[in-house]
Structures are given as structure tokens and as C-alpha cells.
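This report takes the chains, their domains and a few local elements in turn. Look over the sequence and the model before reading on.

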Amino acid sequence: MSRAIVMYLHVHQPFRVRHYTIFDAGVNHDYFFSMPYEDRTSNEQILHKVAQKSYIPTNARLLELLNKYPEFRLSLSITGTVIEQLERWSPEALQSFKDLIATGRVEIVGETYHHSLAFFYNRDEFETQVKMHRDKVQEVFGQTPKVFRNTELSYNNDLAYWADKAGYKGILAEGWDPVLGWRSPNFVYRPTYTDNIRLLMKNYKLSDDIAFRFSDQNWSEWPLTADKFTHWLNSTDGGTNFNLFMDYETFGEHQWDDSGIFNFLYHLPEQWLKTPGNTFMTVSETIDAFEPQDKVDMPYTVTWADTERDLSAWLGNGMQQQAIHALYALHDKILATKDLGLIEDYRRLQTSDHFYYMCTKWFNDGDIHAYFSPYENPYDAFIAFMNAFHDVKFRLAEKGFEV
Amino acid sequence: MLGWELPPYNSGGLGVACYQLCKALSKKNIDIEFVLPYNHDKPVDFMKITAAYPQDVTAIKMSGIAYDSYKYTFVDGHEEYLNIHQQQALYEHAVAQLAKYGKYDVIHAHDWLTFRAALRARQHTNAPLIVHVHSVERDRAGGNDGNPYVREIESLGLHLADKIIAVSEHTKRCIMQDYGIPGDKIDVVHNSIDTEGLEPLDPTNAYHYLSAMKQQGYRVVSNIGRLTMQKNLPNLLYAAKEVVMRAPKTIFLIVGSGEQYFELIELAAKLGISQNVIFTGFQRGKNWRDAYAISDVFVMPSVSEPFGLTPLEAISYGTPAIISRQSGVSEVIRNCLKVDFWDVNEMANQITAVVQNDSLRDELHINSYREFEKLSWEDSAHKLWSIYDNHRVGATA
């Protein structure tokens, strides 16, 4: 009986809204680009930094591992917004992703093009964005996603039902204890109310050991080595698949080079493959290889964020709710304009990161480390977003729509 | 401790800050003798208050604020009003006499008015001198150089002190820049607020007109304070014009008096926004509290504010704040909007956003109130206590 590490990395960058003021609204319709390069919100500068620190060095190691170990495999999800930014500002990093995928052993997972929460607000818009993403991935990487994940790994029974009907063979979710109960995340499951689709659930403990705790010197297990990590997996009773799901930027960006994260990644296959029967699988291969153990029921929405594992980081306060409701309320009118520039701006504003930057819960606790934001505070994020929203309304009004 | 005023006789934040700080320090078993330049007739039980009398003066009566003349009654019965410089000279003389006979571990002097006396006291006692800077002359002069005589006293006090305490990082930077003092000689002890000490609101607000207009969808933006150069109200009015153009249902409430009163009324008229700007003049008590309470957002656009208590008062009465970055209070409160005092457009941008989005106003307030509740003078006293401990007579450096 073989056991597999199922590594799945999520690649994403939003189009951050620049310091866009009430004096810009109605005058200048550029929300995402014309900031100075040094500005904290500069998408170009941030992409350059992440490409240098994370994408390029990580892909170099991943490619080396793929060449060295025939068993090595992984899965990636890569949003439309980051693909566009790579095309624009780092063709070198984009090529390095293409090189990985050309090995035939890297699977791309489907999602919304704009990394949005559209599933919860407008089903038509959601399906459009999923299709846009499928087309983009096909165009750039020549692959069609067979497994789906929704933004922030948000998941509920409705989503599984939708993905099943849409023909996906698998879907990804957080392996959250209240949902799993006594069950282990290290198996394949079947969502309730579905026929064919399979569910893979993140082993958050093992994933977070790498993604969050790796460089924490106060952690009792620090320093974490590939040897030690492999030992943990090998001594785990039962289970067929260890689902290590995390942000791609864990490598080199969230965990810096000097933490030893690249060495860890580089030595993981070597250590893991020492034990006969151990292997790596992509998400589709995992679903093909193992029978589902049980049904999993998730009537409410679970995400991979925070201790709450819900959507409160994006929709938890009044500003976030006002901003997202106001935006989706314009949906029909915006699409009716058939103005592609306006429609694309509307979609870029749907990216979940904008709402995340408005989150006050960590800001309030003074935990700035948990607060990845290009804005000084959540209120500035809200103000810039709402000014862009006012401009979208202005553009609608200009076209004769009542707003 | 050498101070120039204590509540209820105060011209601004200085007296209140001294009072609260001493109250919190006294809980740490520190014996404080607070030396004032006048007779303090309000009882205080947590420290000893001494009026610094020159030998031939029998009573000193404070009249008006710190910068007004005090009435001195002399032994021979004649009375004389002395200006602030004459007062300082007499205070210095009297403090020197006290210092000769008293025994003190530390001399702690508040602001330039007490510095000459403090230096003299140190000569006589050999106790270390800690000077506490609540504002520098540049703050009081609205960013200009100010009075050269005052600057000279400030400079002397700062250079000769053993330790300097600044009420904010902002003030620390001013001291370093204006007087060339090295940063490691200056510790920051932030002011705070007595969160229990503010009078509660009544159920009905005094501003009936504004309450009615709010029902009609208007929003109220306020500033409460002296109408003087340092407070930068012309920029608030320039921003107000931009706000009113975009959000016509906005009313600016300007509470206070000062030398810019007429100038500001004229400016509002010139900008064509007189209908949207209400000047109430100086208010106290209920009218003062209710002005905070009726507002949707409070703006403190000051050119330079060593600390700046008003945003905290606003938060306590239910109103979030937009705060000048050139202020000490902006170092203490995170959940507020911050703006450079010269940036009229950004000020307008922020005010517009708050008056157009109640969710922004409410979120700012909920979170800033949580921060407000955690503030306490105990923390300030604790820092001061360790500074005393490092400097008191006999301490090994």
C-alpha cells in the first residue's frame, strides 16, 4: 500500500488599489497602476519582489526535484490576476512556471480568475470567472483543471454540489476538526449530496508546521528538518494521503531563505522516498488512487483562514460588508455596458484581498505580523476601495445608467 | 516637583497632566511636594502642595490663565500685578529658598516656566534634575521660532538637565531638532487620560438644530479647541470646501475662541461655505461635551501637537477622530485616520469618506474606543517611576 504526499501550492497576487482619493474619482479611472514604484501599494514593485524572493528560486528547486526524482509531483493553483502580472512584469518567473508544468507532473487546480468571493454573491459572475480562469490556464499552460478550489479554500455543501455538476472530479477544503470529527484528513472523502466528486482536505497541522511555524524559534519543534518531518509522516497510523496545502509564497516570502525553508523543500523528497511505498501524487492522481472513506457534510462555509476558519476575515465588519454589497449591486448594469475595461476593473475590485485589507480584528489586537497589507490601516484600505467604487458608479452614470 | 498650574486653574493640558501624573505616582508610594507659584485653595490629598512665596510676599492670587498677570500681596500690604517674567523671577527666588532647607531625591520640573527655578534648586540640593517637556516653544508658536527669550530658557533647562522626559516621540524629535539634544538623553512618557474622569452625557443633546439635520441625512464634522495658529483651522476650512462640494449634507462645527475667530468666519464666507460651518464660540460643560457627542467625526489638524487630548475626549463621547500626524496622540491611537497637517486634499478625502460611509465611522469608533478604554495614567507613572529610580540621589548609573 503506498502513501503519498499531496503537495498543493496556491499562487496569487491581487491588483491592489493605489492611494486613490475622492479627487481621482470621476477624473482618472486608473485604480491599479499609476502609483509610484516605491509606493507600498505598487503591484509592480511587489511582484518583482515576490518573483525574486519566491517564484524564481522556488521554481528552480522544484524543477530540479522533478528532474531528479521521477516520483516527485505537485499541484498548483495560479490565479488569473497573478498570471497577468507575471506576463506584464516578470516573464522570467512565468516561464519558470511553464517549465514546471511542461514536465507533465504538475497539475493545475481550477478556481476563479479574480480570486473572488463571487460564489457567495452572484452565481453567474462566479461561473464566468471560473471559465475565464479555465481559458487562461489552457492558453498559457495548455492544461484544463479537473479539480476545483474556491477562493481562500472556502467550501460548503453547495459548492461541492456545484463542482460535481460542473464535472470536476475533485474539490479541496480545509480539514477542520469540527467538520472532520474523529476522522483523519489523510484520506479521500466524498461530499454529501454529490455523485462523483471527491473531497481532499488539508492536513492543517502538518501544513501549518511548514507554512506558519517553520521559522518560529519559540516553537518546541524548531528547527524543522526534512528528516524530522518525514519521520512524523512515517510514524502516523493509517492514512493514504498527506495533504500539504499552503500558499506558494510560503517559500521565500512568508518564510525567508535564511530560515532554511528552501533546504527543507529540497531535502523533503530525498527523505520521504527513502521508505519503500512512499511517493508523491497530484490531486487528481490521489483521487484516482484511493477510494473515499466516508461522506463529509459541511452545511456552513469553512475557509482556511484564522482560528475561526470562516469568512470573517473578509466579511466580518461593517466596512467589508458595505463595500462588497455595494460592488455586487452594480453587477447587472456593469455587464450591460459591454465596456470591457469597466467590466475588468469591476472584476479586479472583487478580489478578496481588498476586503481582507479592511479587516480590523488583528489590527485591533496589535498583531501587525498577521496583517499583510499595503495600507497603513484597514480604514485607508476601505477609503481607497470606496473611491474606486465611486468612480465605477461615475462611469456607469456617464454611460446613461441610473446609479 | 515644580509646576506652574493645577486644575481647576489651568490654561490647557499642562495642569491636568501634572495632576493626573502625580495622582498615579502617589499610588507608588512616592512622596511628592508640588511647588506652585500661587496659593492653591482646592484640597489635594495625595501630595503636598506648596506655594512658593518670596519672603516679602504674603499671598499670590492667580487670575485668568497661566500667561496672565497674577496678583501679589506684599508684607507691607501693597498689591501688585506681575507679568509672567516677573513671576518667574520671584518663583525662582522662592524655590531656591525651599531647596536650601528641604531634602529631595529628585527635582522634576514641568515646562519652561519652571526651568529657571529648577536649575537654581539643583544648585542648592545636588539632586538630579528631570525636566518634563509638555510642549516646546515651536509648538506654541505654530511652527515658527517663537519668543527667543523663552527659547533660551528652554535651551538652558534642556541642556543642563540630567534627564528629559517628552510627552511624545513627536516632541522628542522637536527637542532633538530645535535644541540639538542627543536622543538617548530623552525618554518618552506618553500622556494619558483619566477614562473615568469625564462627565457622562445627558439623554438630550444641546445642539437641537444639528440633531434635526442629522435626521435629514446631514453629518457633522467638528473641531473643538483654541482658534489659534497652532491648531491649523484654515486648512480644515479649505478641506471643508472640498468636502461640501462632494457631500453637501455636511456641517462643520467649530467650537472655541481665539485670535483667529474673525479671520476664520471670514474665510468660511470667502470659500462660500458659511451655510455649512457653524461657529459656537467658547463652550464648557454640557455644550462642550455635547459638541463631541453630536459629531460624526472629530478632526484635529494641528500643525504641531505635543500630545493632543481632544481626540481622546471625542472618542470617549462616541466620535472617531482624524488626527494630524504631527501630534503625540497619533502615536497612542492606531484606530484613527492620520493626515499630515499641510495635506488639505487628503484631509478632504478622509472626511468625505467618513461622512459618506457610516460603516467607516462606526468601525473606527468601535475599535478606537477599545483602545481608549485601555489607556491609563498608571502606565505613564510606571515609566516615570523607573526613570526616578535610575536617577535618584545615590543611584549607581
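Two residues are in contact if their C-beta atoms, placed from the backbone, lie within 7 Å. The model is a predicted one.

**Between the chains**

By that criterion, 15 residues of chain A are in contact with 19 residues of chain B. Two helices of chain B, H12 (344-356) and H13 (358-374), each supply at least two residues of the side that touches chain A. That side of chain B has 8 polar, 6 charged and 5 nonpolar residues.

**Domains**

In chain A, the domain assignment gives domain 1 (3-296) and domain 2 (312-398). In chain B, it gives domain 1 (13-191 + 377-391) and domain 2 (208-374).

Start with chain A. Contact between its domains takes 28 residues from domain 1 and 21 residues from domain 2. On the domain 1 side, these residues divide into 12 polar, 11 nonpolar and 5 charged.

Now chain B. Here 15 residues of domain 1 are in contact with 12 residues of domain 2. Helix H4 (137-140) and helix H6 (169-179) of chain B each supply at least two residues of the domain 1 side. By class, that side has 10 polar, 4 charged and 1 nonpolar residues.

**An open sheet in chain A**

Five strands of chain A form an open sheet, in the order E4-E5-E7-E6-E10. The pairing is mixed. Which strands stand at the edges? They are E4 (147-148) and E10 (295-296) of chain A. Each has a single partner strand, so one side of each is left without a neighbour in the sheet.

Strands of a sheet pair through backbone hydrogen bonds, either parallel or antiparallel. Strand E6 (residues 188-191) and strand E7 (residues 198-202) of chain A take the antiparallel sense, over 2 bridges. Val188(A) has Leu200(A) as its bridge partner in E7(A).

**Helix H9 of chain A**

Helix H9 (residues 261-272) of chain A has 12 residues. From its first C-alpha to its last, H9 reaches 16 Å, close to the 16 Å expected at 1.5 Å a residue. A residue is buried if 20 or more other C-beta atoms lie within 10 Å of its own. The buried residues of H9(A) are Ile261(A), Phe264(A), Leu265(A), Leu268(A), Pro269(A) and Trp272(A). Why do they line one face of the helix? Seen down the axis of H9(A), the buried residues fall within an arc of 130°, so they line one face. An α-helix has 3.6 residues a turn, so residues three or four places apart point the same way.

What covers the buried residues of H9(A)? The cover includes strand E1 (3-11), helix H1 (43-68), helix H8 (226-234) and strand E9 (278-280) of chain A.

**Phe97 of chain A**

Phe97(A) lies in helix H3 (residues 91-102) of chain A. Is Phe97(A) buried or exposed? Phe97(A) is buried, because 25 other C-beta atoms lie within 10 Å. Leaving out residues up to four places away in sequence, Phe97(A) touches Asn59(A) and Ile78(A). Phe97(A) and Ile46(A) are 51 residues apart in sequence. In space, C-alpha to C-alpha, Phe97(A) and Ile46(A) are 18 Å apart.

Terms used
Residues numbered from 1 in each chain as written. Chains lettered and ligands numbered in written order. Predicted model: local features only at pLDDT ≥ 70, side-chain atom pairs only at ≥ 80, totals over all residues. Helix = DSSP H or I, 4+ residues; strand = E, 2+ residues; numbered from the N terminus. Nonpolar A, V, L, I, M, F, W, Y, C, P; charged D, E, K, R; others polar. Pairing = 2+ DSSP bridges. Domains from an automatic or database assignment. Expected span 1.5 Å × (residues − 1). Buried ≥ 20, exposed ≤ 12 C-beta atoms within 10 Å, placed from the backbone. Arc of directions from axis to C-beta.
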